[in-house]
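Hi everyone, thanks for making time. Let me put the sequence and the structure up, and then I'll walk you through them.

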Amino acid sequence: MSEQETAEIAAAIGDMYDAFLAGDRVRFDRHLHADVTTWETHLPGPLRTRDQLDAYRERRDAAGARPVLDRLAPEDLRIDVWGDAAVARYVLVAVPAGGGPAEHSRVTDVLRRTGDGWRIVHHHSELVRHPAGPAREPALEPAGGPA
């Protein structure tokens with residue numbers, strides 16, 4: 001794994017969310033593989049194809065339900081690369097336009113290197129209902145197991 005590869009992936013993920021904020025779907029979609037699967041807490045079930053993702057977005061946008069955000073950014077980004085495959089894990093922070101509490105989602109993206117760069121082949125995002133504080137070591141159980 002090279003620093004250049006991880007920097008390319010981090011930049012691509014950042015650009016994808018910048019494109020969402022700008023309403024630039026073409027630029028956003030450049031980061032998705034044609035065979036992307038999308039599993040998110042708020043979706044009506046796993047979207048197993050790009051066509052299903054596009055149909056969902058068309059319905060959402062036609063209903064005026066596309067989120068309007070002041071900020072959408074990955075935090076605590078961790079990336080591992082193995083040849084032409086990579087995994088990115090991060091917390092996605094979404095701040096509603098005009099204020100309000102930020103929403104945090106745990107995200108895992110699986111990426112594949114293509115001739116055009118890194119593309120997301122699987123996106124899994126889970127809304128964190130109660131964001132935790134900084135990462136901490138798990139508590140050790142007393143000898144003999146849990147009481």
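Let's begin with contacts, meaning heavy atoms within 4.5 Å. Of the contacts between residues at least 6 apart in sequence, 45% join residues at least 24 apart.

A word on the ground rules. This is a predicted model, where local features need pLDDT of at least 70 and side-chain atom pairs count only at pLDDT 80 or more, while totals for chains, interfaces and linings use all residues. Residues are numbered from 1 along each chain as its sequence is written, and side-chain values use heavy atoms, with hydrogens and water left out.

Now the fold. The protein has three helices and five strands, in the order α-α-β-α-β-β-β-β along the sequence. These are DSSP runs numbered from the N terminus: H or I of at least four residues for helices, E of at least two for strands.

How much of the protein is buried? Of its 147 residues, 33% are; buried means under 20% relative accessible area, exposed over 50%, and partly exposed in between, with a 1.4 Å probe and protein chains only.

That brings us to the largest nonpolar core, with 25 residues. Such a core is a set of buried Ala, Val, Leu, Ile, Met, Phe, Trp, Tyr and Cys residues joined through side-chain atoms within 4.5 Å. Ile-9, Met-16, Tyr-17, Leu-32, Tyr-90 and Leu-111 have the most contacts inside it. H1, S1, H3, S2, S3, S4 and S5 each supply at least two core residues, and H1 has the largest share, six.

Do take a look at Tyr-90. Leaving aside neighbours within four places in sequence, its contacts include Ile-13, Met-16 and Tyr-17, as well as Pro-74, Leu-77, Val-107 and His-123.

Finally, one for those of you who like a histidine: His-124, in strand S5. Is His-124 buried, partly exposed or exposed? It counts as partly exposed, because its relative accessibility is 34%. Which residues does His-124 touch, not counting those up to four places away in sequence? They are Trp-39, Arg-106, Val-107, Thr-108 and Asp-109.
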